[in-house]
Amino acid sequence: LHCDHTQFKGYSKDIRHEYDNIDYLLLLNNELKNEIKSILTGYNQGTKCLVVPNFIKSKANEKTLERKKQIISVGRLSTEKGFDRLLLIWKKFIVVNEGYVLKIVGDGHEKEKLIQLARSLNISDSVIFSGYLSNEETVKEIQKSKIYVMTSVNEAFGIVLLEAISQGTSIVAYDVRVGPRSIIKEGYNGFLVKENDIEAFVER
């Protein structure tokens, strides 16, 4: 299962009663594994839950690109990725951090809506919607950014956070139900912020 099971209506019922022929269910982190095991208790006793996290090949570069005054976020431009929340944060951030640019990498059906939101917040001059970039191009953009930010509404195990860590780029992320806390070690490779605490996010 490559996402948070709560995203699927009826999934808990299905896994209790309909999936008893599954030998193993692979989850992305221990929190999800423990939740699913609890859901199965007293119902489906045949399915074993295992954790197999997402991973990437090492992408450490010998030559470090010069860090720009750039903050980056990558993902599908859809509701669950919470880019509208990021733009609200950026509105406050840019007031006290002049000269920075927010680069949002990705495409999706929310793109025009997000562009309009940036305009209405009067932050368009410091926000770049790059559209789709290849993995190689994306990694280079992460490498030359000072911070990677994530404001998703839900996550399970974001590969892009591993990409940021592989490039030595610090992370600031909302501490959503599950996901980022499986990867981010507070104060070491990034910071977790209580959901919707815009002021704390800006400070971090």
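The model is predicted, so local features need pLDDT of at least 70 and side-chain atom pairs count only at pLDDT 80 or more, while totals for chains, interfaces and linings use all residues. Residues are numbered from 1 along each chain as its sequence is written, and side-chain values use heavy atoms, with hydrogens and water left out.

Turning to the chain as a whole, there are seven helices and eight strands, taken as DSSP runs numbered from the N terminus (helices H or I, at least four residues; strands E, at least two). The C-alpha trace spans about 55 × 40 × 30 Å along its principal axes. For 204 residues a compact globule would have a radius of gyration near 17 Å, and the 19 Å of the chain agrees with this; the radius is taken over C-alpha atoms, and the globule rule is 2.2 Å times the number of residues to the power 0.38. Buried residues account for 45% of the 204 residues. Of the contacts (heavy atoms within 4.5 Å) between residues at least 6 apart in sequence, 68% join residues at least 24 apart.

Salt bridges come to 14 in count. Glutamate 141 takes part in two pairings described here. With lysine 103 it forms a salt bridge whose closest N and O atoms are 3.2 Å apart. This pair links distant parts of the chain, 38 residues apart, with lysine 103 in strand β4 (residues 101-105) and glutamate 141 in helix α5 (residues 135-143). Glutamate 141 also forms a salt bridge with lysine 144, again with 3.2 Å between the closest N and O atoms. Lysine 103 and glutamate 141 are buried, and lysine 144 is buried too. Elsewhere, a network of salt bridges links Asp4, Glu35 and Arg177.

Rings of Phe, Tyr and Trp (its six-membered ring) pair if their centres lie within 6.5 Å; planes under 30 degrees apart count as stacked, over 60 as edge-to-face and the rest as tilted. Phenylalanine 8 and tyrosine 11 form a tilted pair, because their centres are 6.3 Å apart and their planes stand at 40 degrees. Phenylalanine 8 is partly exposed at 42% relative accessibility, whereas tyrosine 11 is buried at 10%. Together with Tyr19, Phe8 and Tyr11 form one aromatic cluster.

Tyrosine 174 and phenylalanine 201 form an edge-to-face pair, 5.0 Å centre to centre with 65 degrees between the planes. Tyrosine 174 lies in strand β7 (residues 170-174) and phenylalanine 201 in helix α7 (residues 198-203), so the pair ties together parts 27 residues apart in sequence. Tyrosine 174 is buried at 2% relative accessibility, and phenylalanine 201 is buried at 5%.

Notes. Buried means under 20% relative accessible area, exposed over 50%, partly exposed in between (1.4 Å probe, protein chains only). A salt bridge is a side-chain nitrogen of Lys or Arg within 4 Å of a carboxyl oxygen of Asp or Glu.
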